[in-house]
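Hello,

Here is the structure we talked about. My notes follow below it.

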Amino acid sequence: MAQFKNLMEIFKLLDKSNCRRCNQKTCMAFAAEVFTGKMKLSDCPKLPPSVIAAHASEETAFTPRDDGFFALMDELKMKIRDIDLAERADAVGGTFENGRLTVRCLGKEVHLTEDGRLITDIHINHWFAVPFYQHVINARHTGLSGNWVPYRELPGGKDGFRLFDQRCEKPLKAIADTHTELFEDLVRLFNGKKVDNHYESDISLVLHPFPTVPVLICYWKPDEGMGSDLNVFFDARVEEKLPIRSLYTLSAGLVVMFEKITRRHG
């Protein structure tokens, strides 16, 4: 199935009027929503039907309802069946016992069987499953650098950092601005760890979606006329553990999960 290669291909189709009739603040924000599968081209009231029809086969991203998603999952499971999970345990920070690779993700145990099945007490979302498989398959037997860098400074992040900012950092900042207690929830619910004053931030928190893929979230509160800010950082060697596209998918999925938590909390 053909897909848009980047959000700029979508943005070029729009009239750039930022009319907000799609309920997004800008046309660029709308393009990002379409690119990540959260909206459709037809949600733009200004696009001619001929343009929508011409690109209908391109706009669908990998979702649980997408044949492309199921094909990808089948492909990844086949690769899992061909690798030695016991050998993979060290690279992903897990353990292997009784034919299962066990990895602690956000404080919860996830078991991977030799035939590619995931077994866990938590709900498995598509944004988690694909990166998890990719992590197990691709992670190198290397240590972390201990050096935190933003997404844009990762070797593979140079082209997609604007989308990362739009879909990950900005919505997470919006949550932090109105639900600062979210950070306490993340520590409690997902085995997060507060760390001291990284980059002189007011709040610094490290989460481990996967044991060898830590994520540092830094939040600066508003102060003396200055607005708040939030940045997400990764270990400089994270791409030795997870392909950049899967890192984006995992990060965006985490933010969606955090948004749901804050909605439940009111």
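This is a predicted model: local features need pLDDT of at least 70, side-chain atom pairs count only at pLDDT 80 or more; totals for chains, interfaces and linings use all residues.

Lys16 is partly exposed, with a relative accessible area of 37%. Lys16 sits in the loop between H1 and H2. Its phi is positive, about 60°, although Lys16 is not a glycine.

Asn191 is another non-glycine residue with a positive phi, here about 55°. Look for Asn191 in the loop between helix H8 (182-190) and strand E6 (193-195). Asn191 counts as exposed because its relative accessible area is 53%, and the cut-off for exposed is over 50%.

**Salt bridges**

How many salt bridges does a search of the whole structure find? It finds eight. Three of them are described here.

Start with Asp15 and Lys46. Their side chains meet in a salt bridge, 3.5 Å from N to O. Asp15 is partly exposed, at 42% relative accessibility. Lys46 is partly exposed too, with a relative accessible area of 38%.

Next, Lys79 and Glu75. Their side chains form a salt bridge at 3.6 Å, N to O. Both residues are in helix H4 (residues 67-81), and because they are four residues apart, about one helical turn separates them. Lys79 has a relative accessible area of 38%, so it is partly exposed. Glu75 is partly exposed at 42%.

Then Asp177 and Lys173. This salt bridge is 3.0 Å, N to O. Asp177 and Lys173 both lie in helix H7, four residues apart, or about one turn of the helix. Asp177 is partly exposed, with a relative accessible area of 34%. Lys173 is also partly exposed, at 22% relative accessibility.

Why can two residues in one helix pair like this? An α-helix has 3.6 residues a turn, so residues three or four places apart point the same way. Side chains of opposite charge can then pair when their charged atoms come close.

**A buried charge without a partner**

Helix H7 (residues 161-178) also holds Glu169. Glu169 is buried, yet it has no salt bridge. Which side chain of opposite charge is nearest to Glu169, and how far away is it? That is Arg152, at 5.7 Å.

What does Glu169 touch, leaving aside its neighbours within four places in sequence? The contacts are Phe164, Leu230, Asn231 and Val232.

**Helix H2**

H2 is mostly covered, with seven of its nine residues buried. Those buried residues are Cys27, Ala29, Phe30, Ala31, Ala32, Glu33 and Val34. What do they pack against? They pack against helix H1 (7-11) and H7.

Met28 is in helix H2 as well. Is Met28 buried or partly exposed? Met28 counts as partly exposed because its relative accessibility is 27%, and buried means under 20%. Not counting residues up to four places away in sequence, Met28 touches Leu7, Met8 and Phe11. For a sense of distance, take Met28 and Thr178: they are 150 residues apart in sequence and 24 Å apart in space, C-alpha to C-alpha.

**A positive patch**

Which residues form a positive surface patch? They are Lys38, Lys260, Arg263 and Arg264. One of them, Lys38, is in the loop between helix H2 (27-35) and helix H3 (49-54). Lys38 is partly exposed, with a relative accessible area of 42%.

**Where to look**

- Lys16 and Asn191, for positive phi in residues that are not glycine.
- H2, for its seven buried residues.
- Lys38, Lys260, Arg263 and Arg264, for the positive surface patch.

Best wishes

Terms used
Residues are numbered from 1 along each chain as its sequence is written. Side-chain values use heavy atoms; hydrogens and water are left out. Patches are made of residues with over 30% relative accessible area and no salt bridge: like charges are joined within 9 Å, nonpolar side chains (Val, Leu, Ile, Met, Phe, Trp, Tyr) within 5 Å. Accessible areas come from the Shrake-Rupley method with a 1.4 Å probe; for residues, only the protein chains shown count as cover. A salt bridge is a side-chain nitrogen of Lys or Arg within 4 Å of a carboxyl oxygen of Asp or Glu. Lys and Arg count as positive and Asp and Glu as negative; His and the chain ends are not counted. The place of a charge is taken as NZ of Lys, CZ of Arg, CG of Asp or CD of Glu. Helices (H or I, at least four residues) and strands (E, at least two) are DSSP runs, numbered from the N terminus. Buried means under 20% relative accessible area, exposed over 50%, partly exposed in between (1.4 Å probe, protein chains only). Contact means heavy atoms within 4.5 Å.
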